Amino acid sequence: MKPCAPSSVFCILSFTFCLLTTCPAATQETTNGFAFADFLLAPLRVHLLTATNEAAAHTTLTSNDVTRILGKVNRVWAQAGITFYLESLRIEPAANTEGFRENVKTNTDALLRLRPESSKGTNVFHVYYLKQFGPNGICIRGINFVKDTASLRAVEGGLDEPIPRVTSHELGHALTLPHRQDVTNLLASGMSGGWLNEMEIKQARESAKKRDWIQPAPEVLQKADALRRAKKADDAKKLWQRITHIPLDCESTRLARVRAAEAK
Ligand SMILES: [Zn+2]
């Protein structure tokens, strides 16, 4: 895996020209040559849990934080040509908070019991944010939990804040990746690195492609355009918005940004 270099982020499509939208030095951002046509769009439901009687189950993250976190997650996952779009943001009271802080010390399933019934769903990835529990984050049977208070050991070229890195790491597990304890890797424990190797990229993409609720970006683009032509502006806008999460600057993403902004 190469560090980000200006020459590594350009990719030529037959009709367009893409580059990663932001690529400051010494951060883990590359598309590995993945172009718009390769990108897979995965729905992510983000839950900001609240609790009046249990501080550990109450996140203080805001919707602005979620926007920033998701942008960084997607710059990590661009190296695998995978983008997580915000399916919905749920700010909601956690369930079964009584005794949570003690219970989670002995059984991480206490985290699963915090999930509000009404916002569970099967055809999306879930990330739940809360204030405090043992590890920085955990993926339990595909369901991800990340704590506000996550802290990591900084490594060269790593992410500049813990929560996006931990979120990206847990989503890696949700895409079937196991730990790999090389210092700068995304699947290393407790460190800030974000790299994936070729095998991990292949495995994550294969896992994504097996889920029929993860769609190739060109298909989403086509559907959005068809809905626009059919004058279904609201439905079209939802699809354009998904595309705007892809951290590429190319003809398709520029069009999506314009369409998402103009649709009523
Ligand atoms: Zn892990």
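A: Angles under 35 degrees count as roughly parallel, over 145 as roughly antiparallel, 65 to 115 as roughly perpendicular, and the rest as oblique. Two packed helices are described by the angle between their axes and the distance between the axes. Axes are lines fitted to C-alpha atoms, for helices over the stretch in contact, and angles run from 0 to 180 degrees between N-to-C directions. The structure here is a predicted model, in which local features need pLDDT of at least 70, side-chain atom pairs count only at pLDDT 80 or more, and totals for chains, interfaces and linings use all residues. Residues are numbered from 1 along each chain as its sequence is written.

Q: How many helices and strands are there in the protein chain?
A: The protein chain has eight helices and nine strands; helices (H or I, at least four residues) and strands (E, at least two) are DSSP runs, numbered from the N terminus.

Q: At what angle do the axes of α6 and α7 cross?
A: The axes of α6 (217–229) and α7 (233–244) cross at roughly 155° and come within 8 Å. The two helices are therefore roughly antiparallel to each other. Their crossing is left-handed; this term applies if the near helix is turned anticlockwise from the far one by less than a right angle, and right-handed applies if clockwise.

Q: Which residues of α6 and α7 meet?
A: Two residues are in contact if their C-beta atoms, placed from the backbone, lie within 7 Å. On the α6 side, the residues are Ala-217, Val-220, Leu-221, Lys-223, Ala-224, Leu-227 and Arg-228. They meet Ala-233, Asp-235, Ala-236, Leu-239, Trp-240, Arg-242 and Ile-243 in α7.

Q: At what angle do α7 and α8 pack?
A: The angle between α7 and α8 is about 135°, with their axes 8 Å apart. That makes α7 oblique to α8. The crossing of α7 past α8 is left-handed. The contact is made by Lys-237, Trp-240, Gln-241, Ile-243 and Thr-244 of α7 together with Ser-252, Thr-253, Ala-256, Arg-257, Arg-259 and Ala-260 of α8.

Q: Which residues are buried in α7?
A: A residue is buried if 20 or more other C-beta atoms lie within 10 Å of its own, exposed if 12 or fewer, and partly exposed in between, with C-beta atoms placed from the backbone. In α7, the buried residues are Ala-236, Leu-239, Trp-240, Arg-242 and Ile-243. They cover an arc of only 150° around the axis, which puts them on the same side of α7; the arc is that of the directions from the helix axis to the C-beta atoms. Their cover includes β3, β4, α6 and α8 (251–262).

Q: Why does Thr-244 count as partly exposed?
A: Thr-244 has 17 C-beta neighbours inside 10 Å and so counts as partly exposed. Thr-244 belongs to helix α7. Apart from neighbours within four places in sequence, Thr-244 is in contact with Thr-253, Ala-256, Arg-257 and Ala-260. Thr-244 and Thr-83 are 161 residues apart in sequence, and their C-alpha atoms are 9.8 Å apart in space.

Q: What span should the twelve residues of helix α5 have?
A: The expected span of a helix is 1.5 Å times one less than its number of residues. For helix α5 (residues 198–209), this gives 16 Å, and the end C-alpha atoms are 16 Å apart, which agrees.

Q: Which residues of α5 are buried, and which exposed residues does the opposite face carry?
A: Glu-200, Ala-204 and Ala-208 are buried in α5. Seen down the axis of α5, these buried residues fall within an arc of 70°, so they line one face of the helix. The face turned away from the buried side carries the exposed residues Glu-198, Met-199, Lys-202, Glu-206 and Lys-209. What covers the buried residues of α5 includes β3 (40–50), β4 (82–93) and α4 (162–174).

Q: What phi does Arg-141 have, and what is the phi of Lys-231?
A: Most residues other than glycine have a negative phi. Arg-141 has a positive phi of about 50° and is found in the loop between β6 (137–140) and β7 (143–147). Lys-231 has a positive phi near 65° and lies in the loop between α6 and α7. Arg-141 counts as exposed, with 7 C-beta neighbours inside 10 Å; Lys-231 also counts as exposed, with 7 C-beta neighbours inside 10 Å.
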